[in-house]
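Subject: Structure handover

Hello,

Here is the structure for your files. Please look it over before reading the notes below.

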Amino acid sequence: INKPVGKKEIDLVEYWQIIRKRKWVLVSVTAILVALAVIISITTTPLYQATATILIEEPGSSVLTIQDLLSSNAYSTDVLGTYFKTQLKILQSRSLVERVIKKMSLDSRPELQSLQKRRSSLFQMLKRFVTLSWLAPRRAPAAETETALADPYSLYAKMILDHLIIQPIPETRLVDVKFRSTSARLAADIVNVLAQEFINFTVESRFEATKQ
């Protein structure tokens with residue numbers, strides 16, 4: 001004989017007693033989570049990204065017709081060619097970045113100075129606190145200090161290249177130049193000046209070639 005099995009009723013009083021017994025555990029866990037959320041929100045620095053789009057055309061190339069634009073291989077000799085790849089390398093070159101630094105006098109910009117202050121992650125902060133390494137003063141490596149003194153632009157160039165993104169747009173002659181910084185104004189200025197200096201460098205190179 002099959003007897004119907006009744007559903008077990010929820011005993012709210014029993015659950016409440018369990019919660020009362022473990023209330024300090026729940027309070028401690030909640031306090032730790034809130035503290036972690038506050039620390040992360042304070043130590044996290046917002047990043048801004050500025051983008052400029054550059055059109056790269058091979059010198060002496062003829063204007064495309066409608067038939068050329070509709071052709072499947074209209075960009076094969078340009079985008080996939082040596083000239084286009086060379087221009088991408090120039091956009092990421094240290095020499096072009098140094099032109100930007102000198103043009104903008106970035107060594108005196110306070111926004112660029114803030115890029116040098118890299119905040120440690122939460123794990124690194126806890127590790128330094130536990131190992132008491134924060135008691136000892138942090139010193140820059142001797143090699144890095146000597147390099148910065150010999151070439152003052154090397155440190156700034158490296159910082160800019162670390163935050164610079166050169167991204168070609170597929171099936172086009174367009175290239176997105178992106179820069180990320182904690183300062184929105186600095187990111188926009190660097191992207192705009194970099195694009196302008198790239199144009200100036202291209203014009204100067206063609207002029208020198210013509211003069212030769």
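This is a predicted model: local features need pLDDT of at least 70, side-chain atom pairs count only at pLDDT 80 or more; totals for chains, interfaces and linings use all residues.

Residues are numbered from 1 along each chain as its sequence is written, and side-chain values use heavy atoms, with hydrogens and water left out.

Overall fold

The protein chain has 10 helices and three strands. These are DSSP runs, numbered from the N terminus: H or I with at least four residues for helices, E with at least two for strands. Their order along the sequence is α-α-β-α-α-α-α-α-α-α-β-β-α.

Of the contacts (heavy atoms within 4.5 Å) with a separation of 6 or more, 77% join residues 24 or more positions apart. The accessible surface is about 16,100 Å² (Shrake-Rupley method, 1.4 Å probe; for residues, only the protein chains shown count as cover). Carbon and sulfur atoms hold 60% of that surface. Of the 212 residues, 24% are buried. Buried means under 20% relative accessible area, exposed over 50%, and partly exposed in between, with a 1.4 Å probe and protein chains only.

Helix H10

H10 covers residues 184-211, which is 28 residues. From first C-alpha to last, H10 reaches 41 Å, close to the expected 40 Å. That expected span is 1.5 Å times one less than the number of residues. Buried residues in H10 include Leu 186, Ile 190, Val 193, Leu 194 and Phe 198.

Salt bridges

The count is six. The rule asks for a side-chain nitrogen of Lys or Arg within 4 Å of a carboxyl oxygen of Asp or Glu.

Arg 99 and Glu 197 form one of them, at 3.1 Å from N to O. Arg 99 lies in H5 and Glu 197 in H10, so this pair ties together parts 98 residues apart in sequence. Arg 99 is partly exposed at 25% relative accessibility. Glu 197 is buried at 6%.

Arg 94 pairs with Glu 98, with the closest N and O atoms 2.8 Å apart. The two are four residues apart in H5 (residues 94-104), so about one helical turn separates them. Arg 94 is partly exposed, at 38%.

Asp 189 is buried at 17%, whereas Arg 185 is exposed at 58%.

Best wishes
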